[in-house]
Amino acid sequence: LGPVTFRQSSAGTTMFRLIKKERGLALRMFNEELSLYRQYATLPSTSRHPIPGGECTVDHKLPFSRRVKLSPSIKKAICSSNDLRDEFLSFFQDRGHKIVAPSSVYPKRQEGSYFVNAGMNQFKELFLRTGDAESEFTRLRRAVDSQPCIRIGGRHDDLNDVGYDTYHHTMFEMLGNWSFGDYGKETACRQMWKFLTEVLGLPPKSLYVTYFGGCPELDLPADDETRDIWLTLGVSDQKLMAFGFDHNFWRADQAAGGGLCGPATEIHVDYRALSGTEDLNCARCLVNSGDPQVVELWNCVFITHRLLQDSLGKNSLLPLPNLNVDTGMGLERLASVMQGVMTTYDTDIYSPLVSLIETESKSITGSAPSTYQGHFHCPRPTSEDAIGASSPDAEASPGHFGSLIQSLFSRHKTQCEKKATTWKRQPVFAPLLRDVAYRVLADHSRALALALQDGLLPGRQGIQLKLRHLIYRASRAAVLCDLDSPEKPQLLGRLVAEIVRNASCVNRVFDVQGPSARRPAAVTPDQASDIISQELHEFVPRLMKMEAAFQTCLDEIGPGDSLTAEQVDRLLSGHYGAPISWDMLCAQARWYGLQPPPPPQPPSGRTPVDTARGSRKTTRVHRTPPITGAAVTALLAGLSASQVAVTNDYPKYAVNRVSECNEHNNKTAGHVTYVVQPILATLSAIIMPPSKLEASALPTIVHDPSLLTQTLSTLTNSADVFGMVFDSSNFFSPSGGQAGDTGHIICPISKKVIFEVESTETYSQGGKENGWVVHWVRPSGDSTASLPRSLQFILSPDKNRRSGLTMHHTAQHLLNWAFAEELKPLQRPTQVSPDTATMDALSPQADSSGTFHYGSRVQPDRCYVKLTVLTGTPTEEAEDLTFLQDLICRVEERCRAVIAADLPINVKVMTWTEISEISSVRRYPWEVYPPSVRVVSIGDLVDVQLPQDSQHSAELCGGTHLQRTGDLEDIVVVAVRSRTRSIKEFVAIAGSRAREARRYGSALLARIRSLETLSESAPADAELARQLQLLASDIDAVLGQHLSGHRHTVLPFLQRCEVEGSRARLPGLLGRVKASLKASGHDLLETELSHALSNTPADDANPLTMEFAFDKVNRVSYEQSDAGQSIA
């Protein structure tokens, strides 16, 4: 039963009657059962009858209206969205808050959210106080910002409501202010109330306030302190309400928010009461009910705890040392309040987009579309509608394209079947769907533009797949409602391009920039439009088929409002025609008035996020650590509680550069290796992972020095993997894309290997810079190796593996720089200010408007560079290949020039303050960097900024690197993998293997050209025919080799393309030679047999065995065997 509040009676009494005798409740009963009503500031009504002094509107809701009357007290001079943002930032800046630059929406590595979906994400380490070094950002005590957010998937998934209700969006801008242990609840509430009622002038009577009413399950009391603060600030008791854990206890997920949580207080606004008149009806029952009349406006969280979960799924609360304040208010909702409109789509944020949709739609289709009317509900059906007749609007289809689909796939049905289907389901109300299409287009274009500017691109899994879903949903709605061309949709691309163009003209000033601050746009408006067009090029041919399949399924649906599980499975599997993806199925169901089906349950042991991001795992050289998930949390807690000192892993950077010498003349041969110096380390702890049969068990930690030797003796005689933690380590753990070390743990006395290190992992708490390096080892099996009496061991990483990793990590940095330099000429002119253009040129994320680096992987024998290559929509695949060949050729030339220059490679540890002065240092938005970072530069690191056209590169990197570029010897790209049309992954090798691959490729091409020249005149030469056959066989063997094959069979990508073209021409050349032989009377088979017999050793006692396939007698290949030669 909803709570009911009261107004003063006509007699003017100031006391509210909480209990009435006629309700049958005595005062004694109220006192005994007061705890039952603790969640309310005033006792809820036990009925819905009007109360003297107050009235509940639940039984007679007012009709929906897009516009409401505003009180004269509202400051209309600051009602625009830009003015509201500026006013908000200035208000808190005047109260000691630093304006912090918004962070990129690119999610951090290993975070659970798809995108940055809240303003608090970049401040997580400040709440937890995990930073080990001081910087201007980590010293923040008060902050204010305006953070663009994208919410798709996860706990905050409102995608299926976007366009259908008045306020949900996939992209929104969150205004927030923060206190990191500085001020408390009273200051936070007072600032919120003052800003809304005094600065903006909102009538206090239009605001409702909620607070946390307690949670017995977590032993959390009601937040009476906050309730009393609001009462002190003048909030009426009838406007103050308490809610439980679901509404007023905020918690962040473990990955993105570190489990931060605390009680929340929220301010809700009643649109009807914005007029400020006295004769207002009560709207308490509409708070948190989903009614568009009363919506949440501002949320304030008092972060007091961390919500942790053990391996058994039990929740526990860990108190924080200080109270932190985290507030958030959507700019779009605030604008709707200040502009007197009940929907965010009628604000100055969305109105220009709606107008742009109408203009561009007319330009694309050639006819003026139906204008936006703001429909959110279907009209009530009349009696005629129930028997199949309806109004013209209701009878109309969403558009010509939708009509075509319905007509094509209903011809096989009889009139009786059609009538039966009609009365079961209400007709589609075309004006409503047109308005939904307008809203979906406007909303999704904003989210896509923001993601593209931050370097995210649509793809096949994870967040890239979510962006692809937005493109498909928006374009589908536009096509079905005749707003876009069904053959070549262009509307969405034009909208996104215009948003990117307008955003590039905005230049704001901030007091502080965090490590994940947004950078200038990674794409130009034209490139953003091209990306959308590329995605739709593959989607458009499938759209009609998917709509037809869903229409066929609709014919089977009864009068219910949802699909059955069997129908969902059939739609996914393609039973009704073309298979439909899960996301498109949800969009179709919502479009046709059905409830979106519940999400499929992920397989056991995997989260929905893991399922959505795909099951394909990244190839890793080192083995998977024995513990994951909850076991890692337990391990960190155990090591911390046992006071095991963190590992000093700085010795991993101590390497010796060794030049190999020629054995004959003792001169330097030119090849250089890097050797990690073995160190003597003391064992601190032993970690025994839980058995695979006991998934819920936790790892065992042995840290007592008196037990370490005994435990080691027991483990040495087993074959199990266990972990060893030392006070220092020279092993490199996987980080920044570089694979980890393997190696040996040696007895310092006998110098024999006791344990083989299979992998290493660094475990740290809350993103701290230092952590525990766990060496996952297995006994070597050497029975002669004995344990030392002391706890000291020699740690020796595999020098060959480390040398390969070091070389290819440096090669990857050089390739990053070379690709960025070569793709700069692809930048297209855009209408931006000179200041913005300068910022784009110095962007550390977007090296140019033609490329955006997505990181890389480094393995001992190769490196991977993944980046965007935006060249417009290719018309032919051959054109794309030609462009890539030319690009790779120029990139390799740049790299060889830097290698020949033998530039020094410098490493410098710097703070964020110092890095902010060097804008050319590349950083990646998905990485979490500590306050002090290593800057790896090729060439000298300039104090101010790096020359943009020089042979220099600078990146934030914690990996291992060479000392001079000449040690690379050579770099060649051996493969190109196209993850999407825009994202390319280049595979490269370096060192002597690259040099030999280039030589082998050149020799093979020279052999091909020689035989092609001899074959041009088609001579009747049997030996030439045999050489052509051998060449074809050798080429097939080389092209079929994997990258892990023999070094001489790895071809550079450029030479591979030439070889593939020559292989395609060989059958024609061989055919002409054979035709000449046949015309001259030569028997090719007889010639081949004679050649085989002549090469058979005379003393060979084994007979020559020949097997013939007469139907394939022209295919003769040779196989060398130990017994001699045989022809198969």
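Residues are said to meet, or to be in contact, when heavy atoms lie within 4.5 Å. The model described here is predicted.

**Helix 14 and helix 15**

- Two packed helices are described by the angle between their axes and the distance between the axes.
- Sorted by class, the contact of helix 14 with helix 15 has twelve nonpolar residues, one polar and one charged.

**Helix 15 and helix 17**

- The axes of helix 15 and helix 17 come within 10 Å and cross at roughly 60 degrees.
- That angle makes helix 15 oblique to helix 17.
- The crossing of helix 15 and helix 17 is right-handed.
- Helix 15 contributes Arg 468, Ile 471, Tyr 472, Ser 475, Arg 476, Val 479 and Leu 480 to the contact.
- Helix 17 contributes Ile 532, Glu 535, Leu 536, Phe 539, Arg 542, Leu 543 and Glu 547.
- The contact of helix 15 with helix 17 has eight nonpolar, one polar and five charged residues.

**Helix 19**

- The buried residues are Asp 583, Met 584, Leu 585, Cys 586, Ala 587, Gln 588, Ala 589 and Trp 591.
- These buried residues pack against helix 14, helix 15, helix 17 (525-554) and helix 18 (565-573).
- After helix 19 comes Gly 593, which has a positive phi near 80 degrees.

**Helix 27 and helix 29**

- Helix 27 (residues 992-1015) and helix 29 (residues 1053-1079) have axes that come within 10 Å and cross at roughly 25 degrees.
- That makes helix 27 roughly parallel to helix 29.
- Helix 27 passes helix 29 in a left-handed crossing.
- On the helix 27 side, the contact includes Ala 997, Gly 1001, Leu 1004, Leu 1005 and Ile 1008.
- On the helix 29 side, it includes Gln 1055, Glu 1058, Val 1059, Leu 1069 and Val 1073.
- By class, seven nonpolar, five polar and five charged residues make up the contact of helix 27 with helix 29.

**Aromatic pairs**

- Phe 195 and Trp 298 form an edge-to-face pair, 6.0 Å centre to centre with 85 degrees between the planes.
- This pair links distant parts of the chain, 103 residues apart: Phe 195 is in helix 4 (residues 185-199) and Trp 298 is in strand 8 (residues 294-309).
- Phe 195 and Trp 298 are both buried.
- Tyr 650 and Tyr 653 also form an edge-to-face pair, 5.5 Å centre to centre with 70 degrees between the planes.
- Tyr 650 counts as exposed, at 56% relative accessibility, and Tyr 653 is partly exposed, at 21% relative accessible area.
- Phe 88, Phe 91, Phe 92, Phe 195 and Trp 298 form one aromatic cluster.

- Most residues other than glycine have a negative phi.
- Gln 643 is not a glycine, yet has a positive phi of about 60 degrees.
- Gln 643 sits in the loop between helix 21 (630-641) and strand 10 (655-661), and is exposed, with a relative accessible area of 73%.
- Lys 751 has a positive phi near 60 degrees.
- Lys 751 lies in the loop between strand 15 (743-746) and strand 16 (753-763), and is exposed at 56% relative accessible area.

**Lys 799**

- Lys 799 is found in helix 23 (residues 799-823).
- The C-alpha atoms of Lys 799 and Val 655 are separated by 9.9 Å, although these residues are 144 apart along the chain.
- Leaving out residues up to four places away in sequence, Lys 799 touches Tyr 674 and Val 675.

Key. Residues numbered from 1 in each chain as written. Predicted model: local features only at pLDDT ≥ 70, side-chain atom pairs only at ≥ 80, totals over all residues. Heavy atoms only, no water. Nonpolar A, V, L, I, M, F, W, Y, C, P; charged D, E, K, R; others polar. Phe/Tyr/Trp six-rings, centres within 6.5 Å; stacked < 30°, edge-to-face > 60°. Helix = DSSP H or I, 4+ residues; strand = E, 2+ residues; numbered from the N terminus. Buried < 20%, exposed > 50% of the residue type's maximum accessible area, 1.4 Å probe, protein only. Axes fitted to C-alpha atoms, helices over the stretch in contact; angles between N-to-C directions. Parallel < 35°, antiparallel > 145°, perpendicular 65-115°, else oblique. Left-handed = near helix turned anticlockwise from the far one by under 90°.
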